[in-house]
Amino acid sequence: MSELLVAILLGIVEGITEFLPVSSTGHLILASELMGYDAAQWAVFNIAIQPGAILAIVVLYWRTFIAVLRGLLKWERESVAFVRNLLIAFIPAVVLGLAFADQIEALLENAVVVAWALIVGGVAILVIERLVKPGEAVGVSGVTVGQSIKIGLVQCLAMIPGVSRSGATIMGAMALGIERRTAADFSFFLALPTLTGATVLQLYKHRDAITPDSLGLIGVGFVVSFVVALGVVKAFLHIVQRHGFSPFGWYRIAAGTAALIWLGMR
(Lines give C-alpha, C1' and ligand atoms only; values in the text may rest on other atoms or scores of the structure.)
Protein backbone atom coordinates (compact mmCIF):
# COMPACT_ATOMS: atom_id res chain seq x y z
CA MET A 1 0.00 0.00 0.00
CA SER A 2 1.40 3.41 -0.98
CA GLU A 3 2.14 6.02 1.68
CA LEU A 4 -0.24 8.45 -0.05
CA LEU A 5 -3.12 5.99 0.31
CA VAL A 6 -2.18 5.38 3.95
CA ALA A 7 -2.22 9.16 4.56
CA ILE A 8 -5.70 9.41 3.01
CA LEU A 9 -7.05 6.49 5.04
CA LEU A 10 -5.58 7.83 8.28
CA GLY A 11 -7.04 11.25 7.47
CA ILE A 12 -10.46 9.64 7.11
CA VAL A 13 -10.02 7.83 10.44
CA GLU A 14 -8.96 11.09 12.12
CA GLY A 15 -11.90 13.02 10.70
CA ILE A 16 -14.39 10.38 11.80
CA THR A 17 -13.06 9.77 15.30
CA GLU A 18 -11.58 13.07 16.56
CA PHE A 19 -14.78 14.41 18.10
CA LEU A 20 -16.46 11.10 18.85
CA PRO A 21 -15.83 9.59 22.31
CA VAL A 22 -13.95 6.67 20.77
CA SER A 23 -10.32 7.94 20.70
CA SER A 24 -8.92 9.21 17.42
CA THR A 25 -5.32 8.55 18.49
CA GLY A 26 -6.20 5.00 19.48
CA HIS A 27 -7.91 4.33 16.16
CA LEU A 28 -5.01 5.84 14.21
CA ILE A 29 -2.55 3.59 16.05
CA LEU A 30 -4.67 0.49 15.41
CA ALA A 31 -5.26 1.51 11.77
CA SER A 32 -1.49 1.89 11.22
CA GLU A 33 -0.90 -1.56 12.71
CA LEU A 34 -3.75 -3.07 10.69
CA MET A 35 -2.25 -1.76 7.44
CA GLY A 36 1.08 -3.31 8.37
CA TYR A 37 2.89 -0.11 9.35
CA ASP A 38 4.79 0.53 12.57
CA ALA A 39 2.52 2.87 14.56
CA ALA A 40 5.58 4.64 15.99
CA GLN A 41 6.64 5.73 12.48
CA TRP A 42 3.27 7.42 11.93
CA ALA A 43 2.92 8.89 15.44
CA VAL A 44 3.98 12.40 14.43
CA PHE A 45 1.79 12.29 11.31
CA ASN A 46 -1.21 11.21 13.40
CA ILE A 47 -0.81 14.21 15.70
CA ALA A 48 0.08 16.67 12.94
CA ILE A 49 -3.17 16.09 11.01
CA GLN A 50 -5.39 16.80 14.03
CA PRO A 51 -5.65 20.53 13.24
CA GLY A 52 -7.54 19.52 10.10
CA ALA A 53 -10.37 18.25 12.28
CA ILE A 54 -10.01 21.32 14.52
CA LEU A 55 -10.52 23.59 11.51
CA ALA A 56 -13.86 21.87 10.95
CA ILE A 57 -15.01 23.12 14.37
CA VAL A 58 -13.90 26.66 13.50
CA VAL A 59 -15.92 26.51 10.28
CA LEU A 60 -19.01 24.95 11.86
CA TYR A 61 -19.04 27.29 14.86
CA TRP A 62 -17.72 30.47 13.20
CA ARG A 63 -20.72 32.50 14.37
CA THR A 64 -19.98 31.54 17.97
CA PHE A 65 -16.32 32.55 17.66
CA ILE A 66 -17.20 35.87 16.02
CA ALA A 67 -19.72 36.60 18.80
CA VAL A 68 -17.12 35.76 21.46
CA LEU A 69 -14.51 38.01 19.83
CA ARG A 70 -16.95 40.90 19.65
CA GLY A 71 -17.95 40.30 23.24
CA LEU A 72 -14.32 40.30 24.38
CA LEU A 73 -13.78 43.69 22.74
CA LYS A 74 -16.65 45.00 24.85
CA TRP A 75 -15.55 42.90 27.86
CA GLU A 76 -18.97 41.25 28.07
CA ARG A 77 -19.38 38.79 30.93
CA GLU A 78 -20.45 35.79 28.82
CA SER A 79 -17.58 36.11 26.35
CA VAL A 80 -15.03 36.57 29.13
CA ALA A 81 -16.40 33.53 30.97
CA PHE A 82 -16.32 31.49 27.72
CA VAL A 83 -12.59 32.14 27.18
CA ARG A 84 -11.77 31.88 30.88
CA ASN A 85 -13.33 28.43 31.20
CA LEU A 86 -11.49 27.05 28.18
CA LEU A 87 -8.13 28.46 29.29
CA ILE A 88 -8.57 27.08 32.81
CA ALA A 89 -9.46 23.63 31.43
CA PHE A 90 -6.46 23.78 29.07
CA ILE A 91 -3.81 24.45 31.75
CA PRO A 92 -3.64 20.90 33.27
CA ALA A 93 -2.94 19.42 29.81
CA VAL A 94 -0.08 21.90 29.29
CA VAL A 95 1.53 21.14 32.65
CA LEU A 96 1.23 17.36 32.50
CA GLY A 97 1.91 17.20 28.76
CA LEU A 98 5.25 18.95 29.16
CA ALA A 99 6.15 17.06 32.33
CA PHE A 100 5.47 13.58 30.92
CA ALA A 101 6.05 14.13 27.20
CA ASP A 102 8.47 11.21 26.82
CA GLN A 103 6.27 8.74 28.71
CA ILE A 104 3.24 9.79 26.67
CA GLU A 105 5.15 9.38 23.42
CA ALA A 106 6.18 5.85 24.44
CA LEU A 107 2.54 4.90 24.95
CA LEU A 108 1.77 5.94 21.38
CA GLU A 109 3.62 2.83 20.26
CA ASN A 110 1.52 0.36 22.28
CA ALA A 111 -1.56 -0.99 20.50
CA VAL A 112 -2.44 -3.29 23.43
CA VAL A 113 -2.79 -0.27 25.74
CA VAL A 114 -5.15 1.24 23.16
CA ALA A 115 -7.34 -1.87 23.06
CA TRP A 116 -7.71 -2.06 26.85
CA ALA A 117 -8.34 1.67 27.11
CA LEU A 118 -11.14 1.37 24.54
CA ILE A 119 -12.84 -1.33 26.62
CA VAL A 120 -12.47 0.44 29.96
CA GLY A 121 -13.60 3.74 28.46
CA GLY A 122 -16.64 2.04 26.92
CA VAL A 123 -17.68 0.62 30.27
CA ALA A 124 -17.21 4.05 31.87
CA ILE A 125 -19.50 5.67 29.26
CA LEU A 126 -22.24 3.10 29.89
CA VAL A 127 -22.01 3.56 33.67
CA ILE A 128 -22.09 7.36 33.51
CA GLU A 129 -24.98 7.35 31.02
CA ARG A 130 -26.99 5.09 33.33
CA LEU A 131 -26.22 6.74 36.68
CA VAL A 132 -25.80 10.45 35.95
CA LYS A 133 -28.80 12.71 35.42
CA PRO A 134 -27.97 15.58 33.03
CA GLY A 135 -28.44 19.09 34.40
CA GLU A 136 -29.94 22.10 32.67
CA ALA A 137 -28.42 23.65 29.54
CA VAL A 138 -26.07 26.46 30.60
CA GLY A 139 -23.68 26.85 27.66
CA VAL A 140 -19.88 26.95 27.88
CA SER A 141 -19.92 30.39 29.54
CA GLY A 142 -22.25 29.06 32.24
CA VAL A 143 -19.81 26.39 33.41
CA THR A 144 -18.23 27.32 36.74
CA VAL A 145 -14.51 27.79 37.35
CA GLY A 146 -14.46 24.71 39.58
CA GLN A 147 -16.12 22.60 36.93
CA SER A 148 -13.68 23.87 34.29
CA ILE A 149 -10.70 22.86 36.42
CA LYS A 150 -12.11 19.38 36.95
CA ILE A 151 -12.90 18.93 33.24
CA GLY A 152 -9.31 19.96 32.46
CA LEU A 153 -7.96 17.39 34.89
CA VAL A 154 -10.17 14.65 33.45
CA GLN A 155 -9.02 15.57 29.95
CA CYS A 156 -5.49 14.59 30.97
CA LEU A 157 -6.61 10.95 31.10
CA ALA A 158 -6.65 11.14 27.31
CA MET A 159 -2.86 11.26 27.33
CA ILE A 160 -3.24 7.48 27.51
CA PRO A 161 -3.95 6.50 23.87
CA GLY A 162 -7.35 4.89 23.55
CA VAL A 163 -8.97 6.85 26.37
CA SER A 164 -10.37 9.57 24.05
CA ARG A 165 -9.98 13.27 24.74
CA SER A 166 -13.55 14.03 23.72
CA GLY A 167 -14.87 11.06 25.67
CA ALA A 168 -13.00 12.05 28.83
CA THR A 169 -14.09 15.69 28.69
CA ILE A 170 -17.72 14.95 27.78
CA MET A 171 -18.18 12.21 30.36
CA GLY A 172 -16.29 14.23 32.96
CA ALA A 173 -18.57 17.21 32.33
CA MET A 174 -21.69 15.06 32.53
CA ALA A 175 -20.48 13.53 35.79
CA LEU A 176 -20.28 17.09 37.12
CA GLY A 177 -23.95 17.66 36.27
CA ILE A 178 -23.49 19.43 32.92
CA GLU A 179 -26.06 18.50 30.26
CA ARG A 180 -25.08 16.61 27.10
CA ARG A 181 -25.05 19.43 24.52
CA THR A 182 -23.03 21.79 26.71
CA ALA A 183 -20.62 18.95 27.55
CA ALA A 184 -20.14 18.22 23.83
CA ASP A 185 -19.67 21.90 22.95
CA PHE A 186 -17.15 22.35 25.76
CA SER A 187 -15.20 19.36 24.41
CA PHE A 188 -15.27 20.73 20.86
CA PHE A 189 -14.01 24.17 21.86
CA LEU A 190 -11.42 22.83 24.29
CA ALA A 191 -9.97 20.80 21.41
CA LEU A 192 -8.73 23.99 19.73
CA PRO A 193 -5.98 24.95 22.21
CA THR A 194 -5.30 21.36 23.34
CA LEU A 195 -4.77 19.74 19.94
CA THR A 196 -3.08 22.79 18.42
CA GLY A 197 -0.61 22.86 21.30
CA ALA A 198 0.08 19.12 21.01
CA THR A 199 0.67 19.44 17.27
CA VAL A 200 3.06 22.38 17.58
CA LEU A 201 5.02 20.58 20.31
CA GLN A 202 5.35 17.35 18.32
CA LEU A 203 6.35 19.09 15.11
CA TYR A 204 8.97 21.10 16.98
CA LYS A 205 10.38 18.05 18.79
CA HIS A 206 10.62 16.05 15.57
CA ARG A 207 11.51 18.92 13.23
CA ASP A 208 14.70 17.18 12.09
CA ALA A 209 12.72 14.18 10.85
CA ILE A 210 10.23 16.25 8.86
CA THR A 211 10.98 16.27 5.13
CA PRO A 212 9.19 17.85 2.14
CA ASP A 213 7.66 14.42 1.44
CA SER A 214 6.35 14.04 4.98
CA LEU A 215 4.94 17.57 4.89
CA GLY A 216 3.10 16.63 1.72
CA LEU A 217 1.59 13.57 3.39
CA ILE A 218 0.64 15.65 6.43
CA GLY A 219 -1.04 18.16 4.12
CA VAL A 220 -3.09 15.39 2.51
CA GLY A 221 -4.12 13.99 5.89
CA PHE A 222 -4.98 17.50 7.10
CA VAL A 223 -7.35 18.21 4.20
CA VAL A 224 -9.02 14.79 4.33
CA SER A 225 -9.59 14.96 8.11
CA PHE A 226 -11.07 18.46 7.74
CA VAL A 227 -13.59 17.45 5.07
CA VAL A 228 -14.64 14.27 6.89
CA ALA A 229 -14.96 15.99 10.29
CA LEU A 230 -17.34 18.60 8.84
CA GLY A 231 -19.98 15.94 8.29
CA VAL A 232 -19.21 13.81 11.33
CA VAL A 233 -19.73 16.54 13.95
CA LYS A 234 -23.29 17.25 12.80
CA ALA A 235 -24.13 13.55 12.68
CA PHE A 236 -22.60 13.06 16.13
CA LEU A 237 -24.77 15.74 17.73
CA HIS A 238 -27.86 14.25 16.09
CA ILE A 239 -27.07 10.78 17.46
CA VAL A 240 -26.36 12.13 20.95
CA GLN A 241 -29.61 14.08 21.09
CA ARG A 242 -31.61 11.00 20.09
CA HIS A 243 -29.72 8.12 21.68
CA GLY A 244 -27.21 9.58 24.15
CA PHE A 245 -23.63 8.27 24.32
CA SER A 246 -24.39 4.59 24.98
CA PRO A 247 -23.93 3.51 21.33
CA PHE A 248 -20.35 4.78 21.50
CA GLY A 249 -19.76 2.90 24.74
CA TRP A 250 -20.86 -0.40 23.18
CA TYR A 251 -18.80 0.33 20.08
CA ARG A 252 -15.67 0.94 22.18
CA ILE A 253 -16.09 -2.37 23.99
CA ALA A 254 -16.60 -4.27 20.73
CA ALA A 255 -13.68 -2.52 18.98
CA GLY A 256 -11.33 -3.00 21.94
CA THR A 257 -12.21 -6.68 22.26
CA ALA A 258 -11.74 -7.26 18.53
CA ALA A 259 -8.39 -5.47 18.66
CA LEU A 260 -7.17 -7.61 21.56
CA ILE A 261 -8.14 -10.80 19.71
CA TRP A 262 -6.45 -9.63 16.51
CA LEU A 263 -3.28 -8.51 18.30
CA GLY A 264 -3.13 -11.82 20.14
CA MET A 265 -3.42 -13.81 16.89
CA ARG A 266 -0.74 -11.92 14.93
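Biologist: What should I know before we start?

Modeller: This is a predicted model, where local features need pLDDT of at least 70, side-chain atom pairs count only at pLDDT 80 or more, and totals for chains, interfaces and linings use all residues. Residues are numbered from 1 along each chain as its sequence is written, and side-chain values use heavy atoms, leaving out hydrogens and water.

Biologist: Why is Ser23 called buried?

Modeller: Buried means under 20% relative accessible area, exposed over 50%, and partly exposed in between, with a 1.4 Å probe and protein chains only. Ser23 has 3% relative accessibility, so it counts as buried.

Biologist: And why does Leu131 count as exposed?

Modeller: Its relative accessibility is 63%, so Leu131 counts as exposed. You will find Leu131 in helix H8; helices (H or I, at least four residues) and strands (E, at least two) are DSSP runs, numbered from the N terminus.

Biologist: What makes the phi of Ser23 worth a look?

Modeller: Most residues other than glycine have a negative phi. Ser23, in the loop between H1 and H2, has a positive phi of about 80 degrees although it is not a glycine. Ser164 has a positive phi too, of about 90 degrees, and sits in the loop between H9 and H10. At 3% relative accessibility, Ser164 also counts as buried.

Biologist: Which residues of helix H9 are buried?

Modeller: In H9 (residues 145-155), they are Gln147, Ser148, Ile151, Gly152 and Gln155.

Biologist: How do you know that they line one face of the helix?

Modeller: Seen down the axis of H9, they fall within an arc of 140 degrees, so they line one face. That arc is taken from the directions from the helix axis to the C-beta atoms. The buried residues of H9 pack against helices H6 (77-99), H10 (165-175) and H11 (180-205), where contact means heavy atoms within 4.5 Å.

Biologist: What makes Phe19 and Phe188 an edge-to-face pair?

Modeller: Rings of Phe, Tyr and Trp (its six-membered ring) pair if their centres lie within 6.5 Å; planes under 30 degrees apart count as stacked, over 60 as edge-to-face and the rest as tilted. The whole structure has eight aromatic pairs. In this one, the centres are 5.5 Å apart and the planes 85 degrees apart, which makes it edge-to-face. The pair links distant parts of the chain, 169 residues apart: Phe19 is in the loop between H1 and H2, and Phe188 is in H11. Both residues are buried.

Biologist: What makes a set of residues a nonpolar core?

Modeller: Such a core is a set of buried Ala, Val, Leu, Ile, Met, Phe, Trp, Tyr and Cys residues joined through side-chain atoms within 4.5 Å. The largest one has 42 residues, and those with the most contacts inside it include Ile57, Phe188 and Phe245. H11 gives the most to this core, with nine residues. A second, separate core of 13 residues includes Val6, Ala7, Val13 and Ala48.

Biologist: Where does Phe245 make its contacts?

Modeller: Among the residues that Phe245 touches are Pro21, Ile125, Met171 and Val240, not counting residues up to four places away in sequence.
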